[in-house]
Amino acid sequence: MDETVRHTLLDLNRIFYASTADEFSATRQQPWPGFDGILPYMPAGAKGQPIRVLDVGCGNGRFAHYLSDQGLAVDYLGVDASSALLDLARSQTGELFGGSTTYQCRDLADPDWLVGLTDGGAYDVGACFATFHHLPGYDLRQRVLADLARLTAPDGII
């Protein structure tokens, strides 16, 4: 993909979410139907330890709400490029789990977006719902998926 086009599309995404975060979040309060499909594959966690979940493109943190509603003990890290959506996520989720809820602003288009994310070890679950269509170009999507695989434990799920 042409780099000028890629940067233009990424800038349009950033502008959109910066200017519509409240309205966008208001339409994303219910669980996404795809969340139910992941439950049968969720690991149990080791010796009563919370499941480590990385939610890439977490938006307003609705997957965190969903996991909490399922009664799962989770150490949850949500990353998103929109600081406005992350502020909403922090205010809407707080400490939902028998674990922790953390958010970080990370731009997936930056090749170094994953630096420091495995300081506590690999994740049991790498989630990425409704995000790849915001990444212009096959090569960028392929790189982010490979990055997500590197961040997820060998016996984990993506």
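Predicted model: local features only at pLDDT ≥ 70, side-chain atom pairs only at ≥ 80, totals over all residues.

Colleague: Are phenylalanine 63 and tyrosine 66 buried or exposed?

Modeller: Both residues are buried. For tyrosine 66 the relative accessible area is 4%, and a residue counts as buried under 20%.

Colleague: How is the arrangement of the two rings to be read?

Modeller: One looks at the distance between ring centres and the angle between planes; planes under 30 degrees apart count as stacked. The centres of phenylalanine 63 and tyrosine 66 are 6.3 Å apart and their planes are at 10°, so this pair is stacked.

Colleague: Which kind of aromatic pair do phenylalanine 35 and tyrosine 66 form?

Modeller: That pair is tilted, with 5.2 Å from centre to centre and 50° between the planes. Phenylalanine 35 belongs to helix H2 (residues 35–38) and tyrosine 66 to helix H3, so the pair ties together parts that are 31 residues apart in sequence. Phenylalanine 35 is buried as well, at a relative accessible area of 2%. Trp32, Phe35, Phe63, Tyr66 and Phe129 form one aromatic cluster.

Colleague: What is the order of the strands in the sheet?

Modeller: The order in this open sheet of five strands is S3-S2-S1-S4-S5, and the pairing is parallel. Strand S3 (100–105) and strand S5 (152–157) each have a single partner strand, so one side of each is left without a neighbour in the sheet. On average, neighbouring strands are turned by 30° against each other, direction ignored.

Colleague: How many bridges join strand S2 to S3?

Modeller: Six bridges join S2 (residues 74–80) to S3, and the two strands run parallel. As one instance, aspartate 75 has serine 100 in S3 as its bridge partner.

Colleague: Which strands does helix H3 touch?

Modeller: Helix H3 (residues 62–69) packs on the sheet and touches S1 (51–56), S2, S3 and S4 (123–127). The direction of helix H3 makes about 165° with that of S2. Helix H5 (residues 138–151) also packs on the sheet, touching S1, S4 and S5, and its direction makes about 95° with that of S5.

Colleague: How many disulfides does the structure hold?

Modeller: The structure holds zero disulfides. For cysteine 58, the nearest cysteine sulfur is that of cysteine 105, 9.5 Å away; a disulfide would need the sulfur atoms within 2.5 Å. Cysteine 58 counts as buried, at 6% relative accessibility.

Definitions and conventions: Residues numbered from 1 in each chain as written. Heavy atoms only, no water. Pairing = 2+ DSSP bridges. Helix = DSSP H or I, 4+ residues; strand = E, 2+ residues; numbered from the N terminus. Axes fitted to C-alpha atoms, helices over the stretch in contact; angles between N-to-C directions. Contact = heavy atoms within 4.5 Å. Buried < 20%, exposed > 50% of the residue type's maximum accessible area, 1.4 Å probe, protein only. Phe/Tyr/Trp six-rings, centres within 6.5 Å; stacked < 30°, edge-to-face > 60°.
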